Amino acid sequence: MNRRGTQSSKWDILPELAGPQPIALSVADMDLPCSPAIRDAVVGRAEFGLYGYTDLPADHAEVVASWLGRVLGAEFEPGHILYANRVVQVFATALRTLTEPGGRVALFTPSYSPLEVTITENGRDTVRLPLLLQDGRYVLDRELVERTLPSVKILLLVNPHNPVGKAWSGAELEWLAAACERHGVLIVSDEVHAAFYWGERSHRFIGELVPRSITFTSPAKTFNLPGLEITHVIIPDDELRATIGQAQHAAGFHNPSYMAHSATVAAYDGSSDAWLEETKRTITANLADLRAAVAGWDSISLIEPQATFLAWLDARAVGDERVLREWFVDRARVYPSFGTDFGPEYDGFLRLNLATPQELFTTALDRLQHTKEGNPLS
């Protein structure tokens, strides 16, 4: 689908150029139409023709809990699930409610930058915990975490980890849960990519291990609905859930979007299951093509993704962002996310979005392969 002229945050920021147009492999939304069931539900809702203030029906959380159990094997009580618009908004509310200005919040790097920026913009101090790249995998630095936890109030987890595609192991999550409980640190976990795993590991929610935790989940990433602003917040602890619910209300959140419930039901009731499986096949095919292309590029290595629909590339041997931008953007007209978007120390890395039509992804790879003049790999 041509997303130009649709106010797309991903495509409409790209320049209009003579010749081949730029290809966006950056922002983590999909260039795949959402499922027919969701489109039919949204259209049917729109056809009513009056878009007033809206409340969620009593069974909305039951729809969410049922899907989490049926598809991801997680057992959560519907009463433990709050509704919100966006992950970043709830995270900001939690920061302002549960920490004081200047409070320290730890996160793992390379970091998902909107969440890190939220910490800074709310006057809290960020403690960055680098994941260790060992033998082509990112692993947890337990000694660093253990030294850091006594001085922080919140540990922000992204599970699975964006941008590197790390699937946290059960052992790692259990260790983190125990360490945070020992030091009285609250875990806030962004788990919106939970449906996309590519190896033997499967998703495990931090809320299953630590009742006093905050977990974000959403159909937005799974079914490509970010523009509909649907987020669910899982908080098993009654007191903490009441605190966050009241804080949301105080911050001005009262009603969901008009389309939220209809879209959620169509995503989670089984009528979009076939679409999700087809989407996974597209992502794995694109990953296979990327893997084959990178095998011919001696100066670039693929950090094999264990989860998410994102691919993290180590291109430091090619050069810094200036060199990579000249090749990708100026010559091939392919727009990735550059490593510096996730921390200045990740200059020379790249993130590519795999959730795009195979023809478009193949075109992007062909451009990179055949851009000979000035191509660092030629």
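Student: Why are helix H3 and helix H8 called roughly perpendicular to each other?

Tutor: H3 (residues 87–98) packs against H8 (residues 238–250) at an angle of about 110°, with the axes 10 Å apart. Angles of 65 to 115 degrees count as roughly perpendicular, under 35 as roughly parallel, over 145 as roughly antiparallel and the rest as oblique. The two helices are therefore roughly perpendicular. Axes are lines fitted to C-alpha atoms, for helices over the stretch in contact, and angles run from 0 to 180 degrees between N-to-C directions. This is a predicted model, in which local features need pLDDT of at least 70 and side-chain atom pairs pLDDT 80 or more, while totals for chains, interfaces and linings use all residues. Residues are numbered from 1 along each chain as its sequence is written, and side-chain values use heavy atoms, without hydrogens and water.

Student: Which residues of H3 and H8 meet?

Tutor: Val90, Thr93, Ala94, Thr97 and Leu98 of H3 meet Leu240, Thr243, Ile244, Ala247 and Gln248 of H8; contact means heavy atoms within 4.5 Å. By class, this contact has 6 nonpolar, 4 polar and no charged residues. Ala, Val, Leu, Ile, Met, Phe, Trp, Tyr, Cys and Pro count as nonpolar, Asp, Glu, Lys and Arg as charged, and the others, Gly among them, as polar.

Student: What makes S11 and S14 edge strands?

Tutor: The open sheet has the order S11-S12-S15-S14. S11 (301–303) and S14 (337–338) each have a single partner strand, so one side of each is left without a neighbour in the sheet.

Student: Why is S15 called largely enclosed?

Tutor: Buried means under 20% relative accessible area, exposed over 50% and partly exposed in between (1.4 Å probe, protein chains only). 5 of the 5 residues of S15 are buried, so the strand is largely enclosed by the rest of the structure. Phe349, Arg351 and Asn353 lie on one side, Leu350 and Leu352 on the other.

Terms used
Pairing = 2+ DSSP bridges. Helix = DSSP H or I, 4+ residues; strand = E, 2+ residues; numbered from the N terminus.
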